[in-house]
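Open the model in a viewer and keep the sequence panel beside it. This tour says what to select at each stop and what can be found there.

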Amino acid sequence: MALNSLGREIPESYAGKPLIPYSDPFALRPQGKVAARPLKRVNPGANKRLSSLREAIEASGLKDGMTIATHHSLRNGDFLLNRIVAEIAALGLKGIWIASSSVHPVHAEIIPHIKSGVIAGFQCGVNGLIGEMATKGELSCPIVVRTHGGRARSVIEGSVPIDVAFIAAPCCDEYGNMNGYYGPSACGSLGYAQIDATYASCVVAVTDNLVPFPVVPVSIPQTLVDYVVVVDRLGDPAKIVSTTTRVTTDPVGLQIASYAAQVIEAAGLLRDGFSFQTGSGGISLAVAEKVRNAMRKGSIKGSFGCGGITGYFVDMLEEGLFSALMDVQCFDQEAVQSIGRNRAHQEISADMYANPFNAGAVVNRLDCVILGATEVDTSFNVNVNTESNGYLLHNTGGHSDTAAGAKLSIIVAPSIRGRLPIVRDRVTTITTPGETIGVVVTERGIAVNDKHAELKEELIRRKLPVKEIEELQREICRVTGTPRPLEFEDEVVAVIEYRDGSIIDVVRRVKE
Amino acid sequence: MAGFKLRRSLLYVPGNMPSMLQNIPIFNCDSVIIDLEDAVPLSEKDAARHLVKRFLLNYTDRNKELLVRINPLDTKWGYEDLKVVLPAMPDGIRLPKADTPEIVERLDTLLTEFEEELEVEIGRFGILPSLESALGVINAVGIANSSERIFALAFGAEDYTASMEIERSRGGEELFNARTRVLWAAKAKGIQAVDTIFADVSDMEGLRAETELAKRLGYTGKCLVNPRQIEVVHDVFAPKQHEVEYALQVIEAIQRARQLGTGVIALGGKMVDAPVVKRAARVLRTAYAHGMVDTLIDEEAIHGAQ
């Protein structure tokens with residue numbers, strides 16, 4: 001065991017690989033070159049079409065112990081991963097690793113295949129039951145949770161080699177050109193799949209919308225695609241939306257949003273060229289609404305909106321409040337429709353979005369990002385992976401990436417979740433280090449990290465309820481009481497990788 | 001001017017809901033009215049007043065005015081509400097159905113008795129009478145003068161329209177006379193006037209229009225049923241930028257006048273005298289509450305050392 005710089009105990013190795021303890025957000029530097037993939041040759045007249053997923057799996061050369069990937073652009077409406085795993089199981093393969101961009105509750109269907117040994121582990125974060133069961137000790141499958149940028153890095157540097165990438169292609173031709181813009185399973189940006197297509201040894205495009213050659217525009221080109229398979233249905237785009245996509249009407253949420261918007265204004269960021277990312281939750285959208293109104297009022301022309309894109313950002317683009325949207329993933333149907341319509345709605349890869357080991361990610365250009373939290377601690381460390389019961393229920397997404405990249409990262413969260421205080425002495429799991437968090441905004445007050453001393457002074461001058469984070473914690477705990485700490489076994493069921501590949505924390509089995 | 005208290009927004013919070021009571025510190029309203037009357041079912045009257053007492057006792061770092069709406073004194077709960085709640089030191093009592101000066105006088109007497117018993121300053125507990133019937137509106141002047149504890153008159157349109165056997169409309173034309181009469185009584189007494197609630201919490205435009213009307217008439221605040229309404233109401237009551245700038249010029253001019261040993265001076269060709277200064281001071285106090293100016297005005301510089 002080693003202690004990382006945040007005081008978390010990290011094992012020396014996990015799932016057979018040595019671990020590097022986290023030290024600081026920008027300490028690790030890349031070495032070597034990007035990963036290689038086999039050269040290919042496809043002669044004129046060759047046919048990439050295969051008749052079934054099973055045939056594609058066989059043609060890909062997938063063997064016991066290899067690693068597959070899918071992308072999660074259809075989120076909880078994805079049908080593909082379950083079908084692939086069922087076919088792999090039917091073929092009698094064992095010990096397969098999943099390195100998808102994320103696994104969602106819909107994929108709980110593969111749990112029997114984890115128990116039977118078909119699936120050996122996850123080189124990616126998991127949302128929902130798989131993580132919960134692993135934390136309870138009911139599943140034996142190592143899980144390495146990565147950020148979006150961290151996943152791109154791991155694939156590009158070759159630390160997670162993908163043997164076969166199965167790409168859900170909502171619009172595809174027989175030679176493998178594809179985009180996610182059109183078709184019954186349209187999901188918009190294929191930002192995660194672009195990485196898989198570029199670096200996997202074998203790429204299988206799976207579509208329910210085969211169109212005549214050539215697909216235009218091309219998100220992933222034919223030069224990267226080995227096989228094309230047509231299936232009846234890739235997924236249900238209606239389930240792309242994972243949370244509410246409406247501005248909250250809850251007074252507490254609106255109070256938080258109001259404070260957050262005032263923080264952005266006070267930070268001096270709301271000026272021409274402003275760049276912004278926020279999620280799709282009700283509070284985040286309420287912040288976006290207030291920012292939009294402030295931009296209108298001040299005739300401010302923003303630079304770009306980023307990340308998972310919602311209809312809200314599309315409206316801001318079409319209103320002329322942003323020059324462009326940089327979209328790694330569409331969060332709702334309005335965004336999906338926009339990406340095929342608006343030239344300035346730019347599809348970007350997860351590499352371009354957030355990989356810390358390239359010549360400059362988009363997150364580095366963000367002025368401000370609004371992020372959520374399940375817990376925050378008095379050192380501003382944030383947990384988004386585990387719930388207060390200790391269960392691993394959520395993936396990291398772009399949380400740590402944007403927090404590290406943006407000039408100002410703002411956590412918005414109600415001070416009480418259920419009956420528990422949001423601010424703790426020590427978060428159950430560290431997802432994002434406190435040194436990359438600027439401000440924590442709750443309805444009971446605003447805590448500012450010391451590194452933003454000028455902003456803190458300005459907020460006080462504007463008579464906003466600025467409190468030391470310990471003071472905020474005390475105030476909340478006066479209402480909730482102080483929760484009893486959870487108890488854990490020694491067994492590590494998952495590791496939380498920081499975006500650079502070092503280990504920021506581990507998830508241990510919960511003591512029942 | 002001393003003791004000026006901004007009361008733009010007076011938010012009702014049900015006294016029988018712990019989850020809502022616990023949120024009182026977080027909303028930016030100027031006053032909270034914890035309700036023991038209409039929001040509380042008969043079966044919960046007793047529990048609610050004890051809950052409110054516990055809440056008040058624990059809410060020590062009070063950041064806004066706290067009023068308690070008791071049940072009418074002619075019900076069996078009114079006196080008991082006072083007895084339980086007053087030891088927890090609310091700032092005042094919202095008296096519903098204040099139809100006559102005698103009702104307010106009775107409350108005044110009771111409050112004095114409790115203040116003596118609790119050994120606190122006589123007059124510590126304020127009274128906000130609610131004029132919400134035809135009788136109450138007719139008696140507005142008498143009610144305004146019935147107790148020195150009264151810091152404002154509140155108009156209650158829901159009960160008023162019921163007492164008039166009419167429907168309340170979105171435009172509120174049917175309320176005009178009553179609104180004005182309550183206002184006259186308040187202004188004549190030199191106290192604040194608080195407008196009725198706007199019940200449709202999803203109609204922000206309607207709320208804005210009604211608040212603007214109330215402000216134009218002379219009301220200084222409005223009762224609210226949902227925290228979402230606070231921002232709109234504060235926005236309406238916020239001074240306009242040009243008003244703030246003019247007020248700053250007025251104060252500067254009067255300070256200059258004082259240095260010259262006169263109480264009157266011209267500004268932009270117009271005479272600046274006491275009423276103009278008074279209005280400017282009110283604008284700047286409100287502007288300060290809105291964060292539009294950094295410092296409170298220097299009362300001494302305006303009025304001279306007392």
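**Before starting**

This is a predicted model, in which local features need pLDDT of at least 70, side-chain atom pairs count only at pLDDT 80 or more, and totals for chains, interfaces and linings use all residues. Residues are numbered from 1 along each chain as its sequence is written, chains are lettered from A and ligands numbered from 1 in the order in which they are written, and side-chain values use heavy atoms, with hydrogens and water left out.

**Stop 1: the whole model**

Colour the model by confidence. The predictor gives an ipTM of 0.78 and a pTM of 0.89 for the complex.

Next, select chain B by domain. Domain 1 covers 9-237 and domain 2 covers 241-303; the bounds come from an automatic or database domain assignment. Taken over C-alpha atoms, the centres of these two domains of chain B are 32 Å apart.

**Stop 2: B:Arg69**

Now centre on B:Arg69, which is part of strand β3 (residues 65-69) of chain B. Helices (H or I, at least four residues) and strands (E, at least two) are DSSP runs, numbered from the N terminus. Is B:Arg69 buried or exposed? Its relative accessible area is 8%, so B:Arg69 is buried. The cut-offs are under 20% relative accessible area for buried, over 50% for exposed, and partly exposed in between (1.4 Å probe, protein chains only).

Show the surroundings of B:Arg69. Neighbours within four places in sequence aside, its contacts (heavy atoms within 4.5 Å) include B:Tyr12, B:Asp35, B:Asp38, B:Arg94 and B:Pro96.

**Stop 3: B:Glu132**

Move to B:Glu132, in the loop between β5 (126-131) and α5 (134-138) of chain B. B:Glu132 counts as buried because its relative accessibility is 5%. Which residues does B:Glu132 touch, not counting those up to four places away in sequence? They are B:Pro96, B:Lys97, B:Gly156, B:Asp159 and B:Tyr160.

The side chain of B:Glu132 reaches the backbone nitrogen of B:Lys97 at 2.6 Å, and it makes a polar contact with the side chain of B:Ser130 at 3.0 Å. A polar contact is a pair of N or O atoms within 3.5 Å; within protein, one must be able to donate a hydrogen and the other to accept it, and residues adjacent in sequence count only if both atoms are side-chain atoms.

**Stop 4: B:Asp159**

B:Asp159 sits in helix α7 (residues 157-163) of chain B. With 27% relative accessibility, B:Asp159 counts as partly exposed. Residues up to four places away in sequence aside, B:Asp159 touches B:Asp38, B:Lys97 and B:Glu132.

**Stop 5: backbone angles**

Most residues other than glycine have a negative phi, and most peptide bonds are trans. The next selections depart from one or the other pattern.

- B:Met89, in the loop between α3 (78-85) and β4 (92-95) of chain B, has a positive phi near 60 degrees.
- B:Glu119, in the loop between α4 (101-118) and β5 of chain B, has a positive phi of about 55 degrees. B:Glu119 is exposed, with a relative accessible area of 72%.
- In chain A, the peptide bond from A:Phe213 to A:Pro214 is cis, with omega near -5 degrees. A:Pro214 lies in the loop between β13 (202-207) and β14 (227-230).
- The peptide bond from A:Val216 to A:Pro217 is cis, with omega near -10 degrees. A:Pro217 is in the loop between β13 and β14 of chain A.

**Stop 6: A:Ile437**

Finish at A:Ile437, in the loop between β25 (423-424) and β26 (439-442) of chain A. A:Ile437 is buried, with a relative accessible area of 0%. Leaving out residues up to four places away in sequence, A:Ile437 touches several residues, among them A:Phe380, A:Val382, A:Ile411 and A:Lys451.
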